[in-house]
Amino acid sequence: EIAGLFHDIQSLVHSRCDKQIILEKKIENPLNILFICFSYTGTTKALMKGFHAVCGGDFALVNTKKKYGTFTAYTTGCIRSRKEEPDPVTPESIDVSDYDLLVLGVPVWAWKPAPAFYSIISGLSGCEGKKAVICTTCCNNAGDCLPIMRRRLEERGVVVVDEEVFLGNDAFDHEKRNEFVSRILEAYEL
């Protein structure tokens, strides 16, 4: 119980430190960024929510219409991932035409993007010519995930300007998260 309280305090302190990055950048206007995320275990969601908390903008959480259980995620989900097959998701479409930058994060399933990613990409409207920063979370090997994400986005006319893999505990590494936030802000200013 004490360890849980310590973790909560640590998270609060890190969150406030993360927000200092924005103050140091002296951004005068709100950032017109859309964070788009699918997460199965909650790791990718927590990571993306942290970026969103620092940068501002809007946040779109995408969910599969049919929820995966532990068994089906590692069987059906991974097979779909390997075949690059989409999962039906909500929302089915996301209009990104009013945003200057997209930040997209999904987990790796069987060395490729989770199946929800393919539905996210096909459901984007107004994405032609938009800049994007992409990231993924995984236990130990991202495989072909980022190249596939990049290729699929570029096929839709999106310009991927930066990318990152968060391996294992990297998603909880304060310095790595802050460094990536700085890169998001640099991509926004391009």
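## How H2 and H6 cross

In this predicted model, helices H2 and H6 cross with a right-handed sense. H2 covers residues 43-55 and H6 covers residues 174-189; their axes come within 10 Å of each other and cross at roughly 55°. That angle is why H2 counts as oblique to H6.

So who does the touching? On the H2 side, look for Leu-47, Phe-51, Val-54 and Cys-55. H6 brings Arg-177, Phe-180, Val-181, Ile-184 and Leu-185 to the contact. Sort these residues by type and you get eight nonpolar, one charged and no polar.

The chain goes from E1 through H2 and on to E2, making a β-α-β crossover that is right-handed. E1 (residues 33-38) and E2 (residues 58-64) pair up in the parallel sense, with five bridges between them. If you want a spot to start looking, find Ile-36, which sits opposite Ala-60 in E2. As a general point, side chains in a regular strand alternate between the two faces of the sheet.

E2 has another partner: strand E3 (residues 89-90), joined to E2 by two bridges and running antiparallel to it. Here the pair to pick out is Asn-63 opposite Thr-90 in E3.

Most residues other than glycine have a negative phi, and most peptide bonds are trans. Two places in this chain go the other way, and they are worth a click.

Thr-90 comes up again here: the peptide bond from Thr-90 to Pro-91 is cis, with omega near -5°. Pro-91 itself lies in the loop between E3 and strand E4 (94-95). The other place is Glu-84, which isn't a glycine but still has a positive phi of about 55°. You'll find Glu-84 in the loop that links helix H3 (70-82) and E3.

Notes:
Residues numbered from 1 in each chain as written. Predicted model: local features only at pLDDT ≥ 70, side-chain atom pairs only at ≥ 80, totals over all residues. Heavy atoms only, no water. Axes fitted to C-alpha atoms, helices over the stretch in contact; angles between N-to-C directions. Helix = DSSP H or I, 4+ residues; strand = E, 2+ residues; numbered from the N terminus. Parallel < 35°, antiparallel > 145°, perpendicular 65-115°, else oblique. Left-handed = near helix turned anticlockwise from the far one by under 90°. Contact = heavy atoms within 4.5 Å. Nonpolar A, V, L, I, M, F, W, Y, C, P; charged D, E, K, R; others polar. Pairing = 2+ DSSP bridges. Right-handed = clockwise from strand over helix to strand, strands pointing away.
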